[in-house]
Amino acid sequence: MGLRDKYAIVGIGYTPQGRVPGRTALSFHVEASANAIADAGLKAKDIDGIICYRAFPSASGEGPVTPYLASQHLGLSPTYMSQDANCSRSHIQHAVGVLDSGLCRYVVLSYGHNAFSSDSMRRMLLERNGDDAAFGHFGAAAGYALAARRAMHTFRTGPETWKHIAVGQRKWANLNPVATMHQRTMTFDDYYNSGWVVEPFRLFDNCLMSDGGRAVVITSAERARDLKHHPVLIMGMGQHNPSCDVHQALHLAGPTGAKKAAETAFGMAGITVDDVDACQIYDCFTYTVEITLQDYGFFGPGEGQDWFKGGTIEPGGRMPVNTSGGQLSEAYYMGLTPLSEASMQLMGRCGDRQLGPATKTPSPEVILCSDNGGVLQTHTCTILRRS
Amino acid sequence: MNEYPKPLPDINNDNKEFWSGCKAHELRFQKCRDCGHVRWPPSIICPACHSRETEWIVSSGKGTVYSFVIYHVAYHEGFKNDVPYVVADVELEEGPRLLTNIVDCPHENITCDMPAQVVWDDVTEDYSLPKFRPILP
């Protein structure tokens, strides 16, 4: 018996998001988790598994967010707690694994950060990554920019492709009242005028830094039937981790881990890329969206520029991508930005941005989600479907 | 004497041979005595065959630019007078790739796969950084 359709996302928790000064990272984890539990129609006492996404360096005046601290604040004493953290992208598989092994029945999976308003991200940027700092190399943008530059050398890509991603996702954010960029439109000119950060990336190739949190509750499809919402079934999952850092990596221009991860996920789900109605792609940078969709098989190397043209991923387009605005235009909550949006869409709770007649797109049955970490060093692909 | 305003390498037991090589203006890498794989970063075993038998070799210092980016933002105070500056990943003839800077070249002339040669930047009395300059045809 395979894992297809055996487990489900049953609740989603939001918090105030974007610019929310004066809050600790822990408070966002706790609020998002409490909201996800209530959203599922569950009580705290039902939750017996907890997995927290990566904790970034603590802001000044805060201690580190640990899963036991989050549990304490939620009044939980779970029978399963994950204590792994470093840029994990495997949490949904982790959750399904512990549910399937019977170690717990309801897992809450959370992320929270005060990235915009605190000094936490600044602390992370200046954290040493080996001796790279001696050469002036810091943070994630430049690592992904190295990958993107190599891709520009290897196949036809660059700003002419990435502008469609930045602008297309912004159009979705303009339909999403909780998106950070809800009220700001973006044209191709705005994209080109946004200024270099680390060339070849402009400001609008970069994701947002967000205050806030996000959480989901996962349980068995069987238990899910008694809960509040139509459960979102986990149809397929795959993971592949090329692991090599950007210095030695041979996967920067693809295939990244996305290729094998998707093959595994599609194999489990018993479907192909042709059965996918929409995608929620981890979009730390515009290039990440391109290389992920390319490796998933939506188009061949360098064909993205034509594939994205004409509003393919936008409202009304033939393959909607990052329908909340994504991390580029909604908010950055690691892998939970894609997973939670896919779940909301499949539950039919997305208002003006709802896939279907409201946005002149097909009503979604199957949504493909990605998550990746390091500089394309880890990758998880998840296929969700409506029940 | 002004204090050097930028971060310096962290020397540890794994990389001290590399950085003392740099001080002597030599790029030293570990080579596996069993399978011949030349590795970077330094490690106790060969990632290709897990052999512990290792020798240090001196690189020719010649390679090609695998990829490069141009920083227009200084994330660290020490680099604010340097922007725009180039960070690159250079692949040495012997195989390893180094994260480094490209110097002495107009940015618009830099391309992936262009040949480059190490040049030494003696940033303090104790530290020399391997940077790269394009080899002109």
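Start with the whole structure: a search over all chains finds 28 salt bridges. Keep in mind that this is a predicted model. Side chains of opposite charge can pair when their charged atoms come close. The tour visits some of these pairs, then steps back to look at chain A.

**Stop 1: a pair within a helix**

Select E160(A) and K163(A). Their side chains form a salt bridge, with 3.3 Å from N to O. Now show the cartoon around them. Both residues sit in helix 6 of chain A, which covers residues 159–173. They are about one helical turn apart, because 3 residues separate them in that helix. Is K163(A) buried or exposed? Its relative accessibility is 11%, so K163(A) counts as buried. E160(A) is partly exposed, at 39%.

**Stop 2: helix to strand**

Move to chain B. Select E17(B) and R28(B). Here the salt bridge has an N to O distance of 3.0 Å. Which elements does the pair link? E17(B) belongs to helix 1 (residues 16–23) of chain B, and R28(B) to strand 1 (residues 28–32). The two residues are 11 apart, and the pair links distant parts of the chain. E17(B) is partly exposed at 29% relative accessibility. R28(B) has 17%, so it counts as buried.

**Stop 3: loop to strand**

Stay in chain B and select D104(B) and R133(B). Their side chains meet in a salt bridge at 2.9 Å, N to O. D104(B) lies in the loop between strand 6 (97–101) and strand 7 (115–122) of chain B. R133(B) lies in strand 8 (residues 128–134), 29 residues away. D104(B) is exposed, with a relative accessible area of 56%. R133(B) is partly exposed, at 39%.

**Stop 4: a network**

Next, select R4(A), D5(A) and R385(A). Salt bridges with shared partners join these residues into one network.

**Stop 5: all of chain A**

Zoom out and colour chain A by secondary structure. How many helices and strands does chain A have? There are 13 helices and 11 strands. The C-alpha trace spans about 55 × 45 × 40 Å along its principal axes.

Show the surface of chain A. Its accessible area is about 13,700 Å², and carbon and sulfur atoms account for 51% of that. Of the 387 residues in chain A, 65% are buried.

Last, colour by charge. Chain A carries 33 positive and 36 negative side chains. The centres of these two sets lie 3 Å apart.

Terms used:
Residues numbered from 1 in each chain as written. Chains lettered and ligands numbered in written order. Predicted model: local features only at pLDDT ≥ 70, side-chain atom pairs only at ≥ 80, totals over all residues. Heavy atoms only, no water. Salt bridge = Lys/Arg side-chain N within 4 Å of Asp/Glu carboxyl O. Helix = DSSP H or I, 4+ residues; strand = E, 2+ residues; numbered from the N terminus. Buried < 20%, exposed > 50% of the residue type's maximum accessible area, 1.4 Å probe, protein only. Areas by Shrake-Rupley, 256 points an atom, 1.4 Å probe, with all protein chains shown as cover. Lys, Arg positive; Asp, Glu negative; His and termini not counted. Charge placed at Lys NZ, Arg CZ, Asp CG, Glu CD.
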